[in-house]
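Let's take a walk through a protein model together. Keep the picture open beside you as you read.

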Amino acid sequence: MDTNAHSAIRAEPMEPAAGASGIGRFGAFSRGLRRLVARLTIRGAVAAGLTASAMAATVGPGAARAAYPEKPISLIVGYAAGGGSDFIARSLAPFIEKELGGSARVMVMNRPGAGGEIGFAAIADAAPDGYTIGLVNSPNVVTIPIERHARFSLDRLDPLYNLVDDPGSFVVHKDSPFRSLADVAAFARANPNNVTVGTTGIGSDDHLAMLMFQRLTQTQLTHVPFPGSADANRALLGRHIQVASMNIGESARAREGDPIRILGVMTDRRSEQAPDVPTFKELGFDVRMSSLRGLAAPAGLPPDIRAELVDAIDKAVQHPEFQDIARKAYQPLRLLPPDRYAAELKAQEATFRRIWKETPWLK
């Protein structure tokens, strides 16, 4: 079976639980992130109110319509405020506003639930007029319609631009006897179902990576799902699980303050987040998995509005200040324009349909 795939996290695999305090550097970052998100939310709400008041005062029934955008744009995030997806959306919004010009406003709206399905469906169901866009995460945006009857489908979404590509990794406690991926595989072969692997949920990139490793090594691992990466990290530190499957942005951040060891990263080349960590492929395990986060709109946007949106996003993501924010927040950028992003999602869809047929991850 083809064990090479790009995905993305999950029933929001990269998202720490919004109320979790966390441990060490991982927890401190989460608390700081929530405070920053709260400030961004309040500031955006105030600005939106001022914008709406100004529009109401200046645009009468007979006034000519302003050029797009003439009202605030909603940017839907299918996960709670405070996580990585919410952070990247709120960080990028002011730069999109600047590039659209005039009185443009981009308001982030959180629609959490069902592993992102509620938010994805809200994007797909919106009027294709350029006033609703959203953040979509793979593999969830791809795997949800494969594993169950979903309220949206990939062909009802128009991929505008991918922002983040956060590869997977396997992590153990520093006191673990597992010093390498080979150690994990050898022990698992000799002790079926005795290696516990924590992930961020069924069908997440973390879970699918575990299944790929299991199939490649002909082993049987025990899956332990958690609500978020912070929960899996706590379980690992408490020695309640032996391995955590989590994104390199999370594991690289966590090891700054927590006693963990990263065994490998699931990329073609070593990650800038942790250049000292070898790839799975270097170590003889051809597994590639990643969490993609990008912007999409409902299918059917007018061509001129779509072009304006894409142009504004393209200029926004290239801004050095935005890229610095992403780097400091351990958000590995992988900037893909519409055609390349759409092709990536279609390739993922084909790959995960094959995986589902051979090894369903939901039974």
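We will look at aromatic rings and then at a pocket.

This is a predicted model, where local features need pLDDT of at least 70, side-chain atom pairs count only at pLDDT 80 or more, and totals for chains, interfaces and linings use all residues. Residues are numbered from 1 along each chain as its sequence is written, and side-chain values use heavy atoms, leaving out hydrogens and water.

A search of the whole structure turns up eight aromatic pairs; rings of Phe, Tyr and Trp (its six-membered ring) pair if their centres lie within 6.5 Å, and planes under 30 degrees apart count as stacked, over 60 as edge-to-face and the rest as tilted. One of them joins Phe-120 and Phe-152, edge-to-face, with 5.5 Å centre to centre and 75° between the planes. Phe-120 sits in helix H3 (residues 117–125) and Phe-152 in the loop between helix H4 (140–147) and strand E4 (157–173), so this pair ties together parts that are 32 residues apart in sequence. Helices (H or I, at least four residues) and strands (E, at least two) are DSSP runs, numbered from the N terminus. Elsewhere, Phe-170, Phe-213, Phe-280 and Phe-285 make up one aromatic cluster.

Now for the largest pocket. E4, helix H10 (320–328) and strand E10 (333–336) each give two or more residues to the lining, and H10 provides the largest share, three residues.
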